[in-house]
Amino acid sequence: MVGHDVETPLCETFRDQMSIIEMPLSEAPLCLSCCPVKGDLLVGCTNKLVLFSLKYQIINEELSILDFERSLVIHIRNITPVEISFCVGYIAVMSDLEVLILKLESNPKNGESANHRPQKTNSPMKPAEGISNEALQLESDDFVICQKPMELLGEKSEQSGVSVTLESTGLDDEKIKYFHVQHLLYRRFAPDISSYVLSDDIKLHSLQLLPVYQTGSLTSERKYSYQEKELLSLFCFFSLPHVGYLYMVVKSVELMSVYQYPERSQQAVLTPQFLHVITSNYLQCFTVRCSAATAREEDPDMDSTVKACPPVSMDVCALRIQLFIGLKAICHFKNHIILLTKADPEVIPERSESPKRLLSRKATSVKLKTPPVAEAGWNLYIVNTISPVQLYREMVDYSNTYKTAKTQSCIHLLSEAHLLVRAALMDPSQLEPAEKAELLEAFKESCGHLGDCYSRLDTQYSHLALPYYKMSGLSMAEVLARVDWAAEDGSQKYDRGLIFYINHSLYENLDEELSEVTERVVQMFHVAEPKQLPHILCSPSMKNVNPLTALRYLRKLDTSGLSSVLVTLSKAAVALTVGDLDLHQQEMRSHSEMKLVCGFILEPRLLIQQKKGQSVPTELALHLKETQPGLLVASVLGLQKNNKIGIEEADSFFKVLCGKDEDTIPQLLVDFWEAQLVACLPDVLLQKLFFKLTSQYIWRLSKRQPPDTIPLRTSEDLINTCNHYGLIYPWVNVLISSDSLADKNYAEDLSKLQSLICGPSFDIASIVPFLEPLSEDTVAGLSVQVLCQTRLKEYEQCIDTLLERCPEAIIPYANHELKEENRTLWWKKLLPELCQRIKCGGEKYQLYLSSLKETLSVVAVELELRDFLNVLPEDGTAAFFLPYLLYCSRKKSLT
């Protein structure tokens with residue numbers, strides 16, 4: 001036996017013989033469960049559950065064997081397991097009338113460490129809530145104790161009175177250790193006292209945990225490895241003889257479905273697609289909601305306008321019932337149902353206990369009746385279940401009988417067919433490529449059928465037509481081709497689902513142009529949703545609609561309940577399409593510019609449409625560019641302010657509108673940037689916008705490049721309306737006046753740049769590196785350079801520059817800039833510099849001399865006589881400085 005002498009060379013014998021693993025137990029086992037994911041074994045005894053972990057032992061390069069190690073003992077009191085189920089740390093325990101679901105957790109709770117002594121993790125509920133010892137002592141042959149039914153979910157299930165204690169018995173190097181247990185569900189049923197003598201009718205049976213997991217990629221052997229599977233959902237099923245219960249476990253615990261059997265059941269088996277139930281003579285098949293629940297766990301976009309799935313709460317239904325005489329047992333493997341039958345209805349295994357004992361929590365004893373040596377009548381059947389695609393086809397064909405009746409039955413049946421295909425696709429490891437492709441095709445087809453139902457049946461869920469049609473992969477033209485237009489006229493009430501689908505599809509700017517059905521669509525919305533007619537006419541998909549037809553329906557609209565400006569703009573756009581400029585101008589003049597901007601905000605597609613991910617200007621936008629550029633800029637600004645268009649998208653729109661490439665900036669885009677600063681949009685990053693504008697101003701000034709169109713705002717307009725454009729310093733005007741600027745556009749760009757630099761919000765240091773194209777040999781470059789140095793408080797350098805390049809501006813500069821803490825520069829910097837330059841003479845001698853006189857006047861006022869004398873040059877002419885000395889000496893008496 002494996003585990004006794006693993007070093008013995010058994011390579012040859014293992015290929016031909018069965019290996020037996022011995023796992024000794026201290027108590028008689030009552031039930032057994034194997035984890036379907038990891039292969040671990042859980043054995044149920046009277047008061048405990050024993051977990052054996054599956055181990056892979058590598059003997060050599062060619063041989064590895066399996067072994068089991070007892071890793072955990074779970075002590076359970078107040079419930080005796082009749083059936084158990086184990087799956088990746090989740091444990092379900094069932095007695096005759098109770099079900100308990102636990103989760104073993106491997107992370108230490110509150111920093112506790114693993115202990116090899118029993119750790120009590122849950123306390124039983126208070127004696128008042130459970131069965132007191134006195135009550136148990138009263139139990140005799142004359143009394144039956146019945147407890148009330150109970151369902152406890154989540155943390156409340158810890159109040160069930162069932163005590164659970166963990167005892168770790170594994171090795172220290174074990175990869176997974178369970179430190180504590182979490183209670184998930186406790187359910188207790190009460191028997192029907194009127195029929196308590198029929199003991200078998202009040203027992204639970206068929207406990208099962210069904211895992212559904214996300215599967216990894218295919219291995220080289222085209223098989224899925226269990227180690228690659230991540231648990232996504234877990235379902236727990238158990239059943240009374242006449243009612244079955246299906247719970248969803250993992251993220252939350254909730255009851256999904258309740259199954260009512262037409263007669264007493266003996267056993268049931270749950271699969272992702274079906275629930276198979278056997279009675280004494282019938283095999284019954286019910287639908288399940290596992291795929292619906294799993295879809296919502298797996299995809300966060302489920303139940304949105306993108307994706308949909310039939311609800312978990314949808315009623316289950318029986319698919320078929322097959323006759324088998326003497327059914328005894330059932331199990332399931334892939335697409336096979338294995339049945340055991342016996343013609344003689346005598347039951348071989350039976351539990352022997354009194355009805356009273358079944359109603360209490362005390363342990364029941366399982367006795368096996370010894371069968372005869374050779375008993376006749378036993379049969380084994382292997383039933384192949386019908387392929388999901390074939391069953392799907394049958395259900396779709398059957399649903400056609402309800403198609404014209406417009407009832408919920410058609411939707412219910414198609415939803416069942418859809419979930420059937422979903423369930424078949426949940427585990428791709430069981431599918432061949434051809435079968436998977438066929439299922440995917442059936443899935444898309446089922447989505448199309450459901451979309452048809454919800455689009456044509458007037459229900460409260462008619463909006464589901466949109467996500468189902470999206471999942472079907474059908475184009476809008478293909479969907480509209482499925483509509484029976486011949487049966488509908490202008491007076492007919494159109495179904496809400498179809499209108500909802502078309503409306504949303506036209507809003508989503510699909511790269512699909514309708515042709516033959518455009519007039520039908522316009523007619524439909526004119527009758528059913530007249531408020532949406534201006535919007536759908538703006539969709540790129542309706543480009544091929546007859547403009548005269550569109551204009552006719554727009555004129556029929558009653559604008560009392562609509563936005564009249566939106567109808568006006570729609571008519572103006574259509575008039576432009578047919579070349580009726582008089583009608584276009586008439587409509588555009590019927591509202592103020594502010595109202596027209598509001599109309600464009602209500603429907604941005606009047607100006608901008610999306611084609612293949614690019615923002616494309618409409619014919620109306622191109623016309624406004626030539627006739628009303630101010631309205632166009634204000635409208636796009638309104639769209640941005642209302643989050644209808646992004647910053648980069650707006651920039652791209654103006655470039656495309658003006659026919660410029662990516663590197664060329666049209667004047668209309670500069671106007672838009674300036675309008676953004678005027679509007680003070682909160683979402684606009686100011687420094688980024690400043691950089692865009694200054695870069696363009698500098699580029700134009702350096703290249704002497706005039707704007708391609710007349711700017712909408714002058715520098716004076718911007719200074720008066722925008723806080724970010726500051727008043728230009730007075731000395732700048734003196735500096736510029738020294739050179740005539742004949743080009744008006746050049747002067748405007750320079751004034752705007754100077755105004756931005758003089759503004760309070762501009763980050764000067766960020767723009768200095770980009771001033772290089774502006775030569776200091778020009779007045780523009782000099783003024784911008786000195787402005788930036790002044791804002792950076794580099795006053796001494798500015799004084800040197802001005803004395804060298806423009807002496808006439810030095811006194812205005814000093815009067816404006818050398819104040820307060822900078823006043824000392826008058827006598828420490830400016831006075832010595834002027835004296836030095838006067839000594840050198842030259843053509844600017846007179847300018848320096850007049851500047852010196854102004855400087856001495858200021859210094860004489862600011863300094864005391866002694867200080868004044870100290871700053872005067874030692875080699876100066878006394879007669880020149882005497883008047884200023886006299887003024888300085890007399891100023892105290894004058895004051």
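Ser206 lies in strand S12 (residues 205-214); helices (H or I, at least four residues) and strands (E, at least two) are DSSP runs, numbered from the N terminus. This is a predicted model, in which local features need pLDDT of at least 70 and side-chain atom pairs count only at pLDDT 80 or more, while totals for chains, interfaces and linings use all residues. Residues are numbered from 1 along each chain as its sequence is written, and side-chain values use heavy atoms, with hydrogens and water left out.

Most residues other than glycine have a negative phi. Ser206 is not a glycine, yet its phi is positive, at about 60°. With a relative accessible area of 7%, Ser206 is buried (buried means under 20% relative accessible area, exposed over 50%, partly exposed in between, with a 1.4 Å probe and protein chains only). Val250, also not a glycine, has a positive phi of about 130°. Val250 sits in the loop between strand S14 (243-249) and strand S15 (254-260) and is partly exposed, at 27% relative accessibility.

## Overall make-up

The protein has 32 helices and 26 strands. Of its 895 residues, 47% are buried. Contact means heavy atoms within 4.5 Å. Among contacts between residues at least 6 apart in sequence, 65% join residues at least 24 apart.

## Nonpolar cores

A nonpolar core is a set of buried Ala, Val, Leu, Ile, Met, Phe, Trp, Tyr and Cys residues joined through side-chain atoms within 4.5 Å. The largest one has 105 residues, and those with the most contacts inside it are Leu632, Phe654, Phe672, Tyr725, Trp826, Leu830 and Phe868. Helix H29 (residues 825-840) gives the most to this core, with eight residues. A second, separate core has 61 residues, including Ile411, Leu431, Tyr454 and Leu551.

Not counting residues up to four places away in sequence, Leu632 touches Leu607, Ala621, Leu624, Lys625, Phe653, Leu657 and Leu668.

## Helix packing

Helix H26 (residues 779-791) packs with helix H27 (residues 795-805) at an angle of about 155°, and their axes are 8 Å apart. Axes are lines fitted to C-alpha atoms, for helices over the stretch in contact, and angles run from 0 to 180 degrees between N-to-C directions. H26 is therefore roughly antiparallel to H27 (under 35 degrees counts as roughly parallel, over 145 as roughly antiparallel, 65 to 115 as roughly perpendicular and the rest as oblique). On the H26 side, Leu782, Val786, Gln789 and Thr790 meet Tyr795, Gln797, Cys798, Thr801, Leu802 and Arg805 in H27. The residues of this contact divide into five nonpolar, four polar and one charged; here Ala, Val, Leu, Ile, Met, Phe, Trp, Tyr, Cys and Pro count as nonpolar, Asp, Glu, Lys and Arg as charged, and the others, Gly among them, as polar.

In helix H16 (residues 593-602), the buried residues are Leu596, Val597, Gly599, Phe600 and Ile601. They pack against helix H14 (564-577), helix H15 (581-588), helix H17 (619-627) and helix H18 (629-641).

## Two further buried residues

Ser455 belongs to helix H7 (residues 433-456) and is buried, with a relative accessible area of 1%. Leaving aside neighbours within four places in sequence, Ser455 is in contact with Ala465, Tyr469, Asp495, Gly497 and Leu498.

Thr165 is in strand S10 (residues 163-168) and counts as buried at 12% relative accessibility. Thr165 and His180 are 15 residues apart along the chain, and their C-alpha atoms are separated by 8.5 Å.
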